[in-house]
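This report is meant for a reader who meets the structure for the first time.

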Amino acid sequence: MTTQTTAPETPSAPVAGRTSGALGMPAPVARALATGGGVLSVVSTFLAWTWTSEFPGDLTVYGYPGGLQVLVLIAGALTALFGLSSYGVKGLTGLTPAGGDGALRFASLAAFGTAWYTVIAISSTLGGVVNLEPGGYLAAAASLIAVLGAHTLPFERPEPDPLDPDESAWEHIKHRLAHGWQTVKASYAGGTPRPVGALPSYAEILIIVAILALGLTVFTYGIGTSYDELFIGFLITAGFGFAALNKAGLVAQASQITARHQNITMVGAFVAAALFPFTQTDDQYATVGVYILIFATVALGLNIVVGLAGLLDLGYVAFLGVGAYAAALVSGSPSSPFDVHFPFWAAVLVGAAASLVFGVLIGAPTLRLRGDYLAIVTLGFGEIFRITANNLDGTSGPDLTNGSNGIASIPNLDILGFDFGAQHDVGGFTIGRFANYFFLMLIITAVVVLVFRRSGDSRIGRAWVAIREDETAAHAMGINGFRVKLIAFAVGASLAGLAGTVQAHVTYTVTPEQYLFAGPIPPNSAFLLAAVVLGGMGTISGPLIGASLLFLIPNKLQFLGDYQLLAFGVALILLMRFRPEGLIPNRRRQLEFHEEAEAPAVLTKAGA
Amino acid sequence: MTTDTTTRGAAPGASAPGEAVLDARGVTMRFGGLTAVRNVDLTVNSGEIVGLIGPNGAGKTTFFNCLTGLYVPTEGEVRYKGAVLPPKSFKVTAAGIARTFQNIRLFANMTVLENVLVGRHTRTKEGLWSALLRGPGFHRAEAASRARAMELLRFVGLDGKAEHLARNLPYGEQRKLEIARALASEPGLLLLDEPTAGMNPQETRATEELVFAIRDQGIAVLVIEHDMRFIFNLCDRVAVLVQGEKLVEGDSATVQGDERVVAAYLGEPFENAPGAEEVAEVEAAEAHADTPQDAAPGKENDR
């Protein structure tokens, strides 16, 4: 017999399920500190934080928070509200259906992170803490108090697993670290949210409208952040704030309500997105908006291939390229060898059909392969497309794509007399060129969303998922795997081609270098896949949000420069470690990765 | 006497009793130099439950795979209701033979209902366009599929768990779900590959009842099983496969009484020692690079 059978000794034998916080502070004091810290943080934002307006955002004004102060104000208010709610203040308990303490911790972290980031940024930009006004000190102190208070609240400590005392020292260290990690996780744990009672449907719809308005506001704010510091502050606040709302159980409740009114939510989301250009005074951020939409739409198309049918496609951007080139060739551009100018609807058909043909051509021989082989072949196809487009310049091949110069000066679209290149005034709002394309792209996005939803919830969609789950069993159920996979591949390809036709017009020029496997500027195949995985495979909102983040972060954080891809890689690894199901998890995948934990046993029809 | 396999009703794939549903003739399956199944004949008539037994490695599952289109037999042919089986497993299912797997192969991350709906794949036609356009035909077909799937879930007693994920079901219910999923394709013949493996006696009894109920719907059943009591209670006819060959076929009493079957399963008394034939076989097997996993001679030596 081995020595392993010696009775394991429990080190320091803690009482099971002991509840206590750090530092041994009594719970009422800790709660008071957290709540008070939140309130004080709010107060501090009405004071001046620095003496000069050299720091961007002008934080010198008394009584009027600006820039980063607004973010601290929001985070502080959230902390205070969750704090009061955890006291059981009437009318506020509804804020924390899953228990307030986890939410309070995250909210205080949001306030702390943003406030301290601001204070440190001011000190380092202007050279020293002397540049801080009392408001800045107050903000730092208040948010520190809040964070300390929130983190000394008692919580249920997990009991350490028994450990064999004969184990090596390294095992002991590992064990202690693991227990420490368990404790940290437990300290942030939230309860299970209570289900939302049936409200009158108008109230639920009002809630949905409010949620969408909030989403639009947050998104618009993020897109409109005009300097690096503000965007980083925005990320800190939004990240921790969202985590707080999630722990409070509000996100779960919101998704319950939106699941009850899926169609209204969907339409509402598009209305909210359509309102975006009206919140902008010039075309600067509408440009960002339309690029995000193109990226997100293609990512959603890829989600059919990857998320539903489980086909790993590493060359997906090529289909976007095929669509874009096809549309550019028939657009009447002077550098196109064809002297034709198709109307937009015809160009769309040509683009989608060209991508479809390429999708079938690539898919037919390769989809008989499983898994890794398909990934390699698609990766190869992506590169073949780019290199071919580079070489069809009249010297090394027939003159079709104009080589690396690409097809330039693609004229603006003109649909039914509506000139997409010109500014239009709609009810006092100026809608510029990119805003025009934003609306057009939104329609394409709607089409893709519709295709995704409808095909996903049908015989063919179930066949896709079945193939992904177990190909042999799917065959035994009478599913023609090859045919079904080819359909998924072709649908995905033509949707990307559809987006490509608009992209060609938005960017004026189509060049091979826009369609790389990996590059700093999305969309490229690697980023597309990352958007799907990061956002959440098999969902609609996941790739849309993933794509927005993946576009905005490199776009806003210019100072990262050459380290962009490095930072991106690190972020992706961390995400896959801690949230493998993506930001917006499909219920299925959530169950897959967190079998034992909080996952519901019943899959309701709220999947996306 | 042909029956339309797509007729809807209580037993859509049912055919007149006594008619041969499955007719395998001289099925031989070779993998390189290894003959896993040698010249096996087997008929399954409608309304009949036929058992296929044999020691581990006797070639039962290989034979099964020949019947389901996973393998194309090297020699011989398999006919289903008079027509030679197509060589692709999905076409076999479409033709009317449904199967379950020895190791449960559910679509683990789909719900119970969705699993059964996938089983309806061959009996519905709605393609991509229909799904995208969502005409009245689509909704009708979808509703009909759901109704039929719920009916099947009720039949196996899982209707209360329609929205559960298949992976979260207990073992016995996963087996039931696999059967329901197979029935959803409206088969004329159901192939069950060790349906009671890992089950306790009560669950085995319940499965027995279920198989009888399926037979009563007019669906012929072919069962591979190790549990002798289960097989002999259940089957109208039993075929014994040993070393890839059919040893004997007949009703329970015939098979149970056959001493070759007893020998193959329980081993002969040790005094008799392995016969010259078996010894030669063992040696031949060992001489082969890829030793056949036939356990019969080995088991004898163990005892």
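Two strands are said to pair if DSSP finds at least two bridges between them. In this predicted model, strand β7 (residues 189-193) of chain B and strand β8 (residues 220-224) of chain B meet that condition, since they pair in the parallel sense over 5 bridges. Within this pair, B:Leu192 has B:Val223 in β8(B) as its bridge partner.

**The sheet of six strands in chain B**

Strands β7 and β8 belong to an open sheet of 6 strands, which has the order β6-β7-β8-β3-β9-β10 (chain B) and shows mixed pairing. At its edges stand β6 (97-99) and β10 (245-250) of chain B, each of which has a single partner strand, so one side of each is left without a neighbour in the sheet. On average, neighbouring strands of this sheet are turned by 20 degrees against each other, with direction ignored. Helix α7 (residues 201-216) of chain B lies across β3 (49-53), β7 and β8 of chain B, and α7 runs at about 150 degrees to β8(B).

**The sheet of four strands in chain B**

Another open sheet is formed by 4 strands in the order β2-β1-β4-β5 (chain B), and its pairing is antiparallel. The edge strands here are β2 (34-45) and β5 (83-84) of chain B, each pairing on one side only. Strands β1(B) and β4(B) run antiparallel and are joined by 5 bridges, while 2 bridges join β4 (residues 75-80) of chain B to β5(B), again in the antiparallel sense. Strands β4(B) and β5(B) form a hairpin with 2 residues between them, and in the turn B:Lys81 has a positive phi of about 50 degrees. The bridge partners named for this sheet are set out below.

| Residue | Partner | Strand of the partner |
|---|---|---|
| B:Asp23 | B:Arg79 | β4(B) |
| B:Tyr80 | B:Ala83 | β5(B) |

Helix α1(B) lies across β1 (20-31), β2 and β4 of chain B, running at about 120 degrees to β1(B). This helix (residues 60-67) is mostly covered, as 8 of its 8 residues are buried; among them are B:Phe63, B:Phe64 and B:Leu67, together with B:Lys60. Just after α1(B), B:Gly69 takes a positive phi of about 85 degrees.

**Where the chains meet**

The contact takes 32 residues from chain B and 29 residues from chain A. On the side of chain B that touches chain A, α2 (89-95), α3 (112-119) and α4 (128-133) of chain B each supply at least two residues. The residues of that side divide into 12 nonpolar, 13 polar and 7 charged.

**Chain A and one of its residues**

Chain A is divided into domain 1 (27-155 + 201-236) and domain 2 (282-519), and the C-alpha centres of these two domains lie 41 Å apart. A:Thr445 lies in helix α14 (residues 433-456) of chain A. Is A:Thr445 buried or exposed? A residue is buried if 20 or more other C-beta atoms lie within 10 Å of its own, and A:Thr445 counts as buried because it has 22 C-beta neighbours inside 10 Å. Leaving aside residues up to four places away in sequence, A:Thr445 touches A:Leu293, A:Ala296 and A:Thr297. By contrast, A:Thr445 and A:Ala169 are 276 residues apart in sequence and 57 Å apart in space, C-alpha to C-alpha.

How values were computed:
Residues numbered from 1 in each chain as written. Chains lettered and ligands numbered in written order. Predicted model: local features only at pLDDT ≥ 70, side-chain atom pairs only at ≥ 80, totals over all residues. Buried ≥ 20, exposed ≤ 12 C-beta atoms within 10 Å, placed from the backbone. Contact = placed C-beta atoms within 7 Å. Domains from an automatic or database assignment. Nonpolar A, V, L, I, M, F, W, Y, C, P; charged D, E, K, R; others polar. Axes fitted to C-alpha atoms, helices over the stretch in contact; angles between N-to-C directions.
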